[in-house]
Amino acid sequence: MKAHRIMLTALALTSLTACMSNGSLQSDTTESLKNYQWILNSASINGQRINGFFVQLDKPLTLSFHDNSVNIENTCNDIGGQYNLDKGELLIGQLHTTMVACADPVVAQLDKLVTDYIQGAHEMTVVTGVQPLLTLKNDKAVLVLRGQATPESLYGKGETLFFAVAPQTVPCTIGTMQHDCLQVREVHYNEQGVKIREDADWTVLHTPIEGYEHHDGVADVIRVQRYQRNNPPADAGSVVYVYDTTVESTLP
């Protein structure tokens, strides 16, 4: 009886250790997924490139993972859904999409490719290091994505701000170089998303907003994240702005 008890205890400890190991591995994998924006590098079926994934070379398809959700960016519509990890498998559930008509039928077809090839179960491999890689493989296709560190993983939690951006830039000096800088003023909203006020004075922003493309003559209201950079290099400031979304645009 005593020996039997010892065997059961050993089995229980082995099982508990395995569960803890799997839980730790899954947690590490989730953090690796969340710490990067995953940019599609290649997509193939039986070694043949799926060209439809690469119709916007300047805006490659990108996957962003959160605690239990994933967003697919640079498609025609906004696409997202839930995901789960289980023993090296990534299961992306039913994807939901907005229903905006896309002017370019080639780009519109990209949405269908996402649903066809990204939704579903994938055998997953994550390689971190100098160039992180995420490989998703199933009986439909092989997708390889390269990781680009998210601002949160580099700088910590950001602060959400709304900027009104003036239609015209102004000449400015950053360091020793001449640039065209944005003019911005902060817009304030209440908890219900109703605009309550806008600062009166324009401020010349000497720090670029990462990911934002300004069009001359167009006035935008944009949402940005502001991060504090610790120990900035000599040619960079301590504040980092990252573009999130455009709230409204006013054409000339």
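**Close-up views of a predicted protein model**

**Figure 1. The whole chain at a glance.** The protein chain has three helices and 18 strands, where helices (H or I, at least four residues) and strands (E, at least two) are DSSP runs numbered from the N terminus. This is a predicted model: local features need pLDDT of at least 70, side-chain atom pairs count only at pLDDT 80 or more, and totals for chains, interfaces and linings use all residues. Residues are numbered from 1 along each chain as its sequence is written, and side-chain values use heavy atoms, leaving out hydrogens and water. Of the 252 residues, 31% count as buried (under 20% relative accessible area; exposed is over 50%, partly exposed in between; 1.4 Å probe, protein chains only). Among contacts (heavy atoms within 4.5 Å) with a separation of 6 or more, 54% come from residues 24 or more positions apart.

**Figure 2. The disulfide of C172 and C181.** Here the sulfur atoms of C172 and C181 sit 1.8 Å apart and form a disulfide, that is, a pair of cysteine sulfur atoms within 2.5 Å. By this rule the count comes to one disulfide. The link is right-handed, with 60° about the S-S bond, and both C172 and C181 are buried. For another cysteine, look at C102: it counts as partly exposed because its relative accessibility is 29%.

Figure 3. Helix α2 covers residues 105–117, 13 residues in total. From first C-alpha to last it reaches 19 Å, close to the 18 Å expected at 1.5 Å a residue (1.5 Å times one less than the number of residues). The buried residues in α2 are V107, L110, D111, L113, V114 and Y117. Seen down the axis, they fall within an arc of 165°, so they line one face of the helix; the arc is that of the directions from the helix axis to the C-beta atoms. These buried residues pack against several strands, including β1 (36–45), β5 (79–86) and β10 (142–149).

**Figure 4. The start of α2.** At this end of the helix, a side-chain oxygen of D104 reaches to within 2.9 Å of the backbone nitrogen of V106.

**Figure 5. H188 and its neighbours.** You will find H188 in strand β13 (residues 177–189). H188 counts as buried because its relative accessibility is 18%. The side chain of H188 makes a polar contact with that of D199 at 3.1 Å (N or O atoms within 3.5 Å; within protein, one must be able to donate a hydrogen and the other to accept it, and residues adjacent in sequence count only if both atoms are side-chain atoms). Leaving aside residues up to four places away in sequence, H188 touches V194, K195, I196, R197 and D199.
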